[in-house]
Amino acid sequence: MLGWPPMSESTPTTAETRRLAAESRDRVRFEEEALELSDQVYRVARRLVGSREEAEDLMQDAYARAFRSWRQYQPGTNLRAWLLRILTNLNIDNGRRRQRTPETQPLEEGDYFLYNKLEAAAPEENPAEERVIERLSQGSVVDALAEVPHDFRDVVVLVDIGDFSYADAAQILDIPVGTVMSRLHRGRRILKRNLAESAVPT
Amino acid sequence: MDLCDQCEEMMQPYVDGVLSDVQVQRAKEHLDRCTWCAKRYRFEVELRHFVRVAAAEPMSPELKAKLAALRTPLH
């Protein structure tokens, strides 16, 4: 007599097929979610490196690696941070060495330095009408950021452009939160110093 | 260290929103009274926004297609 086998007797092959189907579904979901985040990941990647070509290579390497090691991602955790951790690791491995001793000498320029410089360079005619920020150009900001030393720039880019928390940035770069804070602080000041140099000829 | 120097030191964590309630209160009180620091505070906020906008460069459609092609082929 023909009949369906009872559930408990399902063969190992059937169980294996089900497992594979579930895994394939999880993988597809992972890949789709990772691709949906690619614009946001690229926004950060583009400013971690100097050129568009480098950023595009880095994105492809990072996504290839992410798709290979997708099982290591824990669903429910921050996928964008997970992708950027892969990407920053690749970037550092790519011959871009971590700076041994990031510059630690005190910066003379404080946080008000750029504003003070820009305001002092104000043209006399109706200074109230013009916003000080308008004396900066977008191109000068991109150049000034590119000249911030790597270790500081990584943190500034992750927090100020990628909108990551200090804790996420610390995980991505595998450094303590305190180091994130000090590099961020210093990196922003270096950025302002660079901007002041380009915006206000001495 | 006078209040404006302290305010300058607190400016970044203040804009980042990581100060304690007491520190935030102190910073606000100073910024309400001190137009010199208030101008610099507004500039800091504008600068953050300016950097974010200036740094944005959209990904090319070609790269997007290349990334999609890296997916595991479906059987």
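From the N terminus on, the elements of chain B run α-α-α-α. The secondary structure of this chain comes to 4 helices and 0 strands. Helices (H or I, at least four residues) and strands (E, at least two) are DSSP runs, numbered from the N terminus. The model is predicted: local features need pLDDT of at least 70, side-chain atom pairs count only at pLDDT 80 or more, and totals for chains, interfaces and linings use all residues. Residues are numbered from 1 along each chain as its sequence is written, while chains are lettered from A and ligands numbered from 1 in the order in which they are written.

Confidence was examined next. The model scores ipTM 0.91 and pTM 0.87. Chain B has an average pLDDT (the predictor's confidence in each residue, from 0 to 100) of 93. In this chain, 97% of the residues score at least 70. Within chain B, α4(B) has the highest confidence, at 97. The lowest is in α1(B), at a mean of 93.

Chain B has a radius of gyration of 21 Å, whereas a compact globule of 75 residues would have one near 11 Å. The radius is taken over C-alpha atoms, and the globule rule is 2.2 Å times the number of residues to the power 0.38. Along the principal axes, the C-alpha atoms of chain B fill a box of roughly 65 × 25 × 20 Å. Of its 75 residues, 19% count as buried. A residue is buried if 20 or more other C-beta atoms lie within 10 Å of its own, exposed if 12 or fewer, and partly exposed in between, with C-beta atoms placed from the backbone. V24(B) lies in helix α2 (residues 21–33) of chain B. This residue is partly exposed, because 15 other C-beta atoms lie within 10 Å. The C-alpha atoms of V24(B) and P13(B) are separated by 9.6 Å. The two residues are 11 residues apart along the chain.

Chain A has 9 helices and 0 strands. Along the sequence, its pattern is α-α-α-α-α-α-α-α-α. Buried residues make up 33% of the 202 residues in this chain. Contacts (C-beta atoms, placed from the backbone, within 7 Å) were also counted by separation. Among those in chain A between residues at least 6 apart in sequence, 75% join residues at least 24 apart.

Helix α1 (residues 12–36) of chain A has 25 residues. From its first C-alpha to its last, the helix reaches 36 Å, close to the 36 Å expected at 1.5 Å a residue. The expected span is 1.5 Å times one less than the number of residues. Of the 25 residues of α1(A), the number buried is 1, so the helix lies largely in the open.

The largest nonpolar core has 51 residues. Such a core is a set of buried Ala, Val, Leu, Ile, Met, Phe, Trp, Tyr and Cys residues joined through C-beta atoms within 7 Å. Its largest share, 7 residues, comes from helix α7 (residues 150–161) of chain A. A45(A), M59(A) and L83(A) touch the most other members. Not counting residues up to four places away in sequence, A45(A) touches A55(A), L58(A), M59(A) and L87(A). Apart from this core lies another, of 5 residues, among them C7(B), M11(B), A27(B) and C37(B).

Helix α7 of chain A also holds R153(A). R153(A) is buried, because 20 other C-beta atoms lie within 10 Å. Leaving aside neighbours within four places in sequence, R153(A) is in contact with L145(A), V148(A) and G187(A). R153(A) and L48(A) are 105 residues apart in sequence, yet 7.2 Å apart in space, C-alpha to C-alpha.

Most residues other than glycine have a negative phi. D163(A) has a positive phi, near 65°. This residue is found in the loop between α7 and α8 (166–173) of chain A. D163(A) is partly exposed, with 13 other C-beta atoms within 10 Å. Phi of D174(A) is also positive, near 60°. D174(A) lies in the loop between α8 and α9 (177–199) of chain A. With 10 C-beta neighbours inside 10 Å, D174(A) counts as exposed.

The contact between the chains takes 30 residues from chain A and 24 residues from chain B. On the side of chain B that touches chain A, the elements giving two or more residues are α1 (3–16), α3 (35–55) and α4 (61–69) of chain B. The largest share of this side, 10 residues, comes from α3(B). By class, the side has 13 nonpolar, 2 polar and 9 charged residues. Ala, Val, Leu, Ile, Met, Phe, Trp, Tyr, Cys and Pro count as nonpolar, Asp, Glu, Lys and Arg as charged, and the others, Gly among them, as polar.

How values were computed: Two residues are in contact if their C-beta atoms, placed from the backbone, lie within 7 Å.
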